[in-house]
Amino acid sequence: MVKYSALFALAGIVLMGLSLLTDVPVSPLVPIATLTLAAVLYLAREVSAFIRILIALIAGAHALLAALYLVDALGAMPAFMADFTPPVSMPAAAGIFAAVVAGVGRLPVIRQITILTDPYFTSHQIGEVRIWPFPSVRAQERYIGTTILAIVVIMQFALVAISVRLSYWNRDWFNAIQERDAETFWRLLLTVWVMWVVIAVTMAIYQYAIRMTLDMRWRAWLTEHYTARWLSEATQYRMQVFGNQTDNPDQRIQEDVRKFTSLTLSLTLGILSQVSTLVSFSVILWTISADFTFPGTSVEVPGLLFWIALVYAIVATWVTHLIGRPLISLNFLQERYEADFRFSLARMREYAEQVSLLRGEPAERASLGRQFGLIMQNFFRQVSVSKRLIAFTSFYDYSNSVVPYVIAAPFYFAGTIQLGVMTQTAGAFARVEGALSFFINAYQTLAEYKAVVDRLTSFEGSIDRARTAAKKTGEIALLDHDGADLRLDGVVVRLPDGSAIVRANGLSFAPGGSVLLAGPSGTGKSTLFRAISGIWPFGEGAVKRPRGAAIMLLPQRPYLPGGTLRGAVAYPAPEDVYDDAAMIAALEAVRLGHLAPLLAEDRIWAQTLSLGEQQRLAVARALLAKPDWLLLDEATAAMDEPTEEAIYRVLTERLPDTTVVSIGHRSTLNAFHQRRIDMVMGEGGLYEPADVREKAAAE
C-alpha cells in the first residue's frame with residue numbers, strides 16, 4: 001500500500017500544479033481528493049485485509065474518474081464519450097468515500113466482521129479457478145478471491161455508469177415524445193437504448209455467475225477452515241467439556257458460514273453500488289435543480305431536490321431503525337432455537353430404541369413441544385416487530401413512486417423544465433433517495449447478518465477458549481522420549497475450573513504385558529486415560545511416551561460413522577487401507593463374522609448394532625491398526641463374560657507386541673491382566689494410582 005500511496009501523492013502534486021500554475025481548468029477538488037487517497041492508502045496498512053481491498057478498488061475508481069476528468073479538461077475527450085465525462089464531484093467523492101471506509105473499518109462492529117473475512121483474503125493456500133473463456137489458473141487463494149472480488153465490483157460500477165447513461169437517454173427520449181419527434185424517438189430507442197440494455201443484461205448475468213463462484217469458493221474455504229479448527233487438537237471434545245459454551249457447532253459451520261459469505265458479498269456490493277449511485281445521480285439532481293426556488297417562495301436553494309431527498313431518507317432511516325432494532329436479538333435467538341430443535345429431533349432418531357424401551361415417548365413429545373414452543377414464541381415476537389416495520393417501509397416504498405413527481409411537478413407546470421427533464425428528475429430523485437434508503441430496505445437483512453456474525457464470532461471465541469483454557473489451569477505436557485516405557489512424571493489432572501482430581505507421579509507402564517486400572521466410579525480413571533491419550537490437557541506434569549509409539553483408546557461407547565460397514569471397521573483410517581480379507585478376518589476374530597457379507601452396506605451402524613457388537617467392532621479396528629499401546633476404557637463392559645474372555649484372548653494372540661491397559665470393574669478382568677493398579681485416596685483428598693501387587697508383596 002505504501003507504493004500506491006506514493007504514486008497517488010505524486011499524481012496529486014502534479015494535478016495541484018496544473019490547477020494552480022497553468023490555464024488547464026482543473027478544479028482543486030481533484031488534486032485534494034487524490035492527496036486524500038494517498039494518505040488513506042498509507043494509513044490503510046493498519047486496517048484489515050478486506051477493508052484494504054475495498055479501499056484499493058475505490059482508489060482505482062478515483063484514478064479512472066480523475067483521468068477522464070483531466071482528458072476532458074485538456075479538450076481531448078472523444079465525441080462518443082461525451083456523456084461519460086464525470087463532473088468534478090465524482091472523483092472528489094471517491095476520495096471522501098475511501099476515507100469514510102477507512103474510518104468505518106476501525107469501528108468495533110466492522111472489526112468484528114473483518115476478523116471473519118480476513119482469513120480467506122490472506123490465505124496462502126493454493127487453489128485453482130477457471131472463468132470462461134479463460135484457461136484454468138493456479139494461485140494462492142487470497143489472489144484468486146481478491147481478483148474475483150475486484151472483477152465483480154468493477155462490473156457493479158460499470159452497471160451504475162450504464163444506468164447514468166440511460167438517465168440521459170430517458171431525458172432525451174421523453175423530450176422527443178413531448179416534441180413529437182418520431183425520428184429521434186426511434187433512433188434513441190433502437191440504437192442507444194438497445195445497445196446499452198444488451199450490454200447491461202450480459203454484464204449482469206456474467207457478474208452473477210462470477211459472484212456465485214466467489215461465494216462458493218469462500219464458503220468452501222471457510223467450511224474447511226472452521227472444520228479443521230473444530231476437529232483438531234481434540235477441540236470439539238474440550239468445547240463439550242466446558243458445557244454449552246456455544247450451541248450447535250454443526251449449524252455454525254453449515255448454515256451460518258453459508259449465510260455469512262452470501263450476505264457479506266451482497267451487502268458489500270449493495271453498499272458500493274448505492275454509494276456510487278448516490279454520487280452519480282446526486283450530481284444529476286443537483287445540476288437540474290441548481291437554480292430552483294423553494295415552492296411558493298422566491299428563495300433560491302441550490303440543489304433543492306438533492307436536499308429534499310437527503311432529509312426525506314434520513315428521517316425515514318431513523319424511524320426504521322427505531323422500529324426494527326429488536327430484530328437483531330430476535331433473529332439470533334430464532335437461529336438458536338431452530339438449531340436446538342433440529343438437534344433434538346436428530347438425537348431422538350439416534351436413541352429411538354432406548355426411548356421406546358423406556359416408554360419415553362410422552363416425555364420426548366413434551367420436551368420437543370417445549371422447544372418448539374420457544375420457536376413459536378420468538379417467531380411471533382419477530383412477526384410483531386416485522387409488522388410494524390413492513391407497515392412503515394411499505395408506505396415509504398409506495399410514496400417513493402409519487403413523491404419525486406409531486407416535487408418536480410410545480411417546476412414542470414411553471415414551464416421551468418420539460419417533460420424529459422421531469423422524468424429524469426423523478427428518476428434521479430428515486431435513485432438518490434433509494435441509495436440513501438439502503439439501510440431501510442436492507443434492515444431485516446442487516447439484522448439477520450448481525451445475528452450470523454455474532455454466532456460465528458462466538459463460535460470462534462469458544463474454539464479459542466477451548467484451545468487456550470489449559471493455560472489458566474496448567475497444561476499436562478505430552479513428551480516423546482527414547483525409552484521403551486510410558487510414564488507419568490509429576491502429573492496432576494485437573495478439571496477445567498482448576499480443581500485437582502488425580503495425582504499420578506512416577507506411574508510407569510512397561511512395554512508388553514497387560515495392566516488393569518481399577519477403583520470406584522468417579523475416581524478419575526477415564527480422565528487419566530484421556531490425559532495419557534492427549535485430549536485432556538488440564539493439569540500439570542508430563543506424560544512421556546515412547547518416541548514413535550502409536551496409542552489407541554477404545555471408549556465404552558465406540559463411535560461408528562455413517563456410511564458403509566467397511567468404513568466403520570477401518571475408521572479412523574480410510575476404508576481402502578485394508579483389504580476385505582483382513583477386515584473379514586478381524587470381524588471373525590471378534591465374533592462378528594456374520595457381518596462380513598455386509599461390508600458394502602451403507603447404514604447407520606450405531607443404530608443397527610447392539611452396544612456389545614459395537615464394542616467388538618471397535619476391537620476389530622484395533623486388530624487391524626495394531627497399536628503399540630491399547631487403552632480400553634470399559635471397552636468390554638457390554639459383553640457377556642465368555643465373550644469378554646474370548647476378546648482378551650484374541651488381543652493377546654493377535655497383538656503380542658501391544659501393551660494393553662484396561663479400566664474395568666468386573667473381578668473377572670483380573671485373570672486377563674498381569675498387573676493391577678487401584679485408585680486410592682491420597683494426600684489432599686486426591687486419588688492416586690497404587691500398584692496393588694507391589695503393595696501386597698511389601699506387606
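Colleague: Why does Ser123 count as buried?

Modeller: In this predicted model, Ser123 has a relative accessibility of 6%. Buried means under 20%, so Ser123 counts as buried. Ser123 belongs to the loop between helix H5 (108-121) and strand E1 (126-129).

Colleague: Which residues is Ser123 in contact with, leaving aside its neighbours within four places in sequence?

Modeller: These are Gln140, Glu141, Arg142 and Trp221. Contact here means heavy atoms within 4.5 Å.

Colleague: How do you know what span is expected of helix H1, and what span does H1 reach?

Modeller: Helix H1 covers residues 2-21, which is 20 residues. The expected span is 1.5 Å times one less than the number of residues, and for H1 this comes to 28 Å. From first C-alpha to last, H1 reaches 28 Å, close to that expectation.

Colleague: What puts the buried residues of H1 on the same side?

Modeller: The buried residues are Ser5, Phe8, Gly12, Leu15 and Ser19. They cover an arc of only 90 degrees around the axis, and therefore lie on the same side of H1. An α-helix has 3.6 residues a turn, so residues three or four places apart point the same way. Helix H2 (29-43) and helix H3 (49-73) are included in what covers the buried residues of H1. On the face turned away from the buried side, H1 carries the exposed residues Lys3, Leu7, Leu10, Ile13 and Leu21.

Colleague: How many bridges join strand E14 to strand E15?

Modeller: Five bridges join E14 (residues 675-681) to E15 (residues 687-691). Two strands pair if at least two bridges are found between them, so E14 and E15 meet that condition. The two strands run antiparallel and form a hairpin with five residues between them.

Methods:
Residues are numbered from 1 along each chain as its sequence is written. This is a predicted model: local features need pLDDT of at least 70, side-chain atom pairs count only at pLDDT 80 or more; totals for chains, interfaces and linings use all residues. Side-chain values use heavy atoms; hydrogens and water are left out. Helices (H or I, at least four residues) and strands (E, at least two) are DSSP runs, numbered from the N terminus. Buried means under 20% relative accessible area, exposed over 50%, partly exposed in between (1.4 Å probe, protein chains only). The arc is that of the directions from the helix axis to the C-beta atoms.
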